[in-house]
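Student: Could you walk me through this one? I'd like to start with the pocket and then look at a few residues.

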Amino acid sequence: MAESRIVNEARIGNPLVKAVRELLEHRALWLYLLTDEAAKAGADPATFAPAAVKRCGLFQGAGLVAKGGGTKSLKSLKKGLFGKPAQLVFEMDVKEVRDDRFELEFHYCPLVKAWQKQGCSDEEIAALCDWAMCGDRGIGEAYGCALDLPKAIAKGDDVCHLVYRRLDSRGGA
């Protein structure tokens with residue numbers, strides 16, 4: 001297997017942050033192994049993985065909206081999912097947070113690290129990331145928002161750049 005060209009090295013070495021990252025790596029390992037075994041059995045993971053992960057995101061998003069008092073403000077999403085612990089784990093910078101727009105950058109991804117440890121090719125890592133991001137897209141949908149991902153560590157970029165934006169009543173941005 002070729003060595004990954006993706007640069008994804010943690011700067012924060014706090015033991016608690018490392019332990020949380022290991023939990024996220026384990027989640028990423030499940031996704032990889034499930035889709036790998038499905039492919040070995042003749043199924044195309046691209047036909048089911050995105051929908052399955054999105055269902056998880058929709059479920060999680062509905063719970064976050066309820067926990068936030070029913071508000072679909074993206075300020076509530078930031079508070080509920082992207083607080084200080086997540087900011088440390090993903091070495092995250094919050095760029096902008098408004099009711100209708102939330103922009104952030106991750107400088108480290110434990111999921112990518114898990115796939116790199118498994119020896120996945122960069123192409124496999126990009127596909128796994130896209131499937132994993134369906135969960136984040138589902139969370140956004142629960143808030144009435146779309147998620148744009150103009151940059152992704154899994155695709156060789158220096159950061160994951162996420163932009164949640166409110167959809168208008170017609171479903172557009």
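Tutor: Let us begin with what surrounds the largest pocket: α1 (15–40), α2 (49–67), α4 (84–89), α5 (110–117), α6 (122–142) and β4 (160–166) each contribute at least two residues to its lining. Please keep in mind throughout that this is a predicted model.

Student: Which element gives the largest share of that lining?

Tutor: The largest share comes from α1, with ten residues.

Student: How much space is in there, and which residues are closest to the centre?

Tutor: The largest pocket holds about 930 Å³ of space. Its lining has 37 residues, and those closest to the centre are Leu24, Arg27, Gln60, Leu111 and Asp136.

Student: How does the lining divide into nonpolar, polar and charged?

Tutor: The residues of the lining comprise 30 nonpolar ones, five polar ones and two charged ones.

Student: OK, switching to α1. What about Thr35, buried or exposed?

Tutor: Thr35, which lies in helix α1, is buried, because its relative accessible area is 5% and the cut-off for buried is under 20%. Its side chain reaches the backbone oxygen of Leu31 at 2.9 Å.

Student: And what is Thr35 in contact with, leaving aside neighbours within four places in sequence?

Tutor: With those neighbours set aside, Thr35 is in contact with Pro45, Ala49, Leu128 and Trp131.

Student: What about Glu25, where is it and what does it touch?

Tutor: Glu25 also has its place in helix α1, and with a relative accessible area of 12% it is buried. Not counting residues up to four places away in sequence, Glu25 touches Tyr108, Pro110, Lys113, Ala114 and Lys117. By contrast, the C-alpha atoms of Glu25 and Phe102, which are 77 residues apart along the chain, are separated by 25 Å.

Student: How far apart are the C-alpha atoms of Ile139 and Gly61?

Tutor: Those two C-alpha atoms are separated by 4.1 Å, although Ile139 and Gly61 are 78 residues apart along the chain. Ile139 sits in helix α6 and is buried, with a relative accessible area of 1%. Beyond neighbours within four places in sequence, Ile139 is in contact with Gly57, Leu58, Gln60, Gly61, Leu64, Leu77 and Leu81. Gln60 in that list is one of the residues closest to the centre of the largest pocket.

Student: What about Gln87, buried or exposed?

Tutor: Gln87, in helix α4, has a relative accessible area of 17%, so with the cut-off at under 20% Gln87 counts as buried. Leaving aside neighbours within four places in sequence, Gln87 is in contact with Lys78, Phe82, Met92 and Val94.

Student: Zooming out, how many helices and strands are there, and what pattern do they follow?

Tutor: The protein chain has six helices and four strands, and read along the sequence they follow the pattern α-α-α-α-β-β-α-α-β-β.

Student: What is the radius of gyration of the chain, and what would a compact globule have?

Tutor: The protein chain has a radius of gyration of 16 Å, which agrees with the value near 16 Å that a compact globule of 173 residues would have. Along its principal axes, the C-alpha trace spans about 45 × 40 × 25 Å.

Terms used:
Residues are numbered from 1 along each chain as its sequence is written. This is a predicted model: local features need pLDDT of at least 70, side-chain atom pairs count only at pLDDT 80 or more; totals for chains, interfaces and linings use all residues. Side-chain values use heavy atoms; hydrogens and water are left out. On a 1 Å grid over the protein atoms alone, a cavity is a set of points where a 1.4 Å probe fits but cannot get out, and a pocket is an open set with protein on both sides within 12 Å along at least five of seven lines; lining residues have an atom within 4 Å of a point. Grid points are joined across faces, edges and corners, and a volume is the space filled by probe spheres set on the points. Ala, Val, Leu, Ile, Met, Phe, Trp, Tyr, Cys and Pro count as nonpolar, Asp, Glu, Lys and Arg as charged, and the others, Gly among them, as polar. Buried means under 20% relative accessible area, exposed over 50%, partly exposed in between (1.4 Å probe, protein chains only). A polar contact is a pair of N or O atoms within 3.5 Å; within protein, one must be able to donate a hydrogen and the other to accept it, and residues adjacent in sequence count only if both atoms are side-chain atoms. Contact means heavy atoms within 4.5 Å. The radius of gyration is taken over C-alpha atoms; the globule rule is 2.2 Å times the number of residues to the power 0.38.
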